[in-house]
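Me: Can you walk me through the salt bridges in this one? Here it is.

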Amino acid sequence: MHWREAIYAGIAAAIIASVAQIMLWWAFWDVLPEILYRDVRLTAAIILGRSVLSPPMTFDGTLMFVATLIHFSISILYSVALAGFISRFSLMISLLIGIIYGLSLFVVNMYGFTSLFPWFAETRDWITMLSHAMFGLSSAGAYKALSSR
């Protein structure tokens, strides 16, 4: 396994999945930017506690920083785990595994971690599911591309 490439793949996948989620929100729901601010608060509450969950759903630089730090940290951990699993597989098999992995992360995150962080239950929707699949796909693809150099 190539550790540096796995870390970079996690960063790339975090960005790609986030952009995909925002694009889906924009294309199918008229909820921007409020839904982004909601998700920032939900994520920041993992470290800062429930007090940051209350409205207003407006931009907050501190919450954005904390949520971004959490998002990238978790994405890197998840990508390193995926890279360890797919390092010996071909590109096409790795991409398929990546999609399945992303969908599995959706189940773990949205149904498992909600026992610790119940406020995430409201994010169980098809856009969140697709963005998790995109995370797995882009993590696998980025890792394979970077590690083949």
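Reply: Start with Arg38 and Glu122. Their side chains meet in a salt bridge, 3.8 Å from N to O. The pair links distant parts of the chain, 84 residues apart. Keep in mind that this is a predicted model.

Me: Where do Arg38 and Glu122 sit?

Reply: Arg38 is in helix H2, residues 34-48. Glu122 is in the loop between helix H4 (91-112) and helix H5 (126-147).

Me: Is Arg38 buried or exposed?

Reply: Buried. Arg38 has a relative accessible area of 13%, and the cut-off for buried is under 20%.

Me: And Glu122, what's the relative accessible area there?

Reply: Glu122 comes out at 48%, so it counts as partly exposed.

Me: Which other residue forms a salt bridge with Arg38?

Reply: Asp39. The closest N and O atoms of Arg38 and Asp39 are 2.6 Å apart. Asp39 is buried too, at 15% relative accessibility.

Me: Switching topic. How many salt bridges does the structure hold?

Reply: Three. One of them joins Glu5 and Arg4.

Me: How far apart are the closest N and O atoms in Glu5 and Arg4?

Reply: They are 3.7 Å apart. A salt bridge needs the nitrogen within 4 Å of the carboxyl oxygen, so this pair counts.

Key
Residues are numbered from 1 along each chain as its sequence is written. This is a predicted model: local features need pLDDT of at least 70, side-chain atom pairs count only at pLDDT 80 or more; totals for chains, interfaces and linings use all residues. Side-chain values use heavy atoms; hydrogens and water are left out. Buried means under 20% relative accessible area, exposed over 50%, partly exposed in between (1.4 Å probe, protein chains only). Helices (H or I, at least four residues) and strands (E, at least two) are DSSP runs, numbered from the N terminus.
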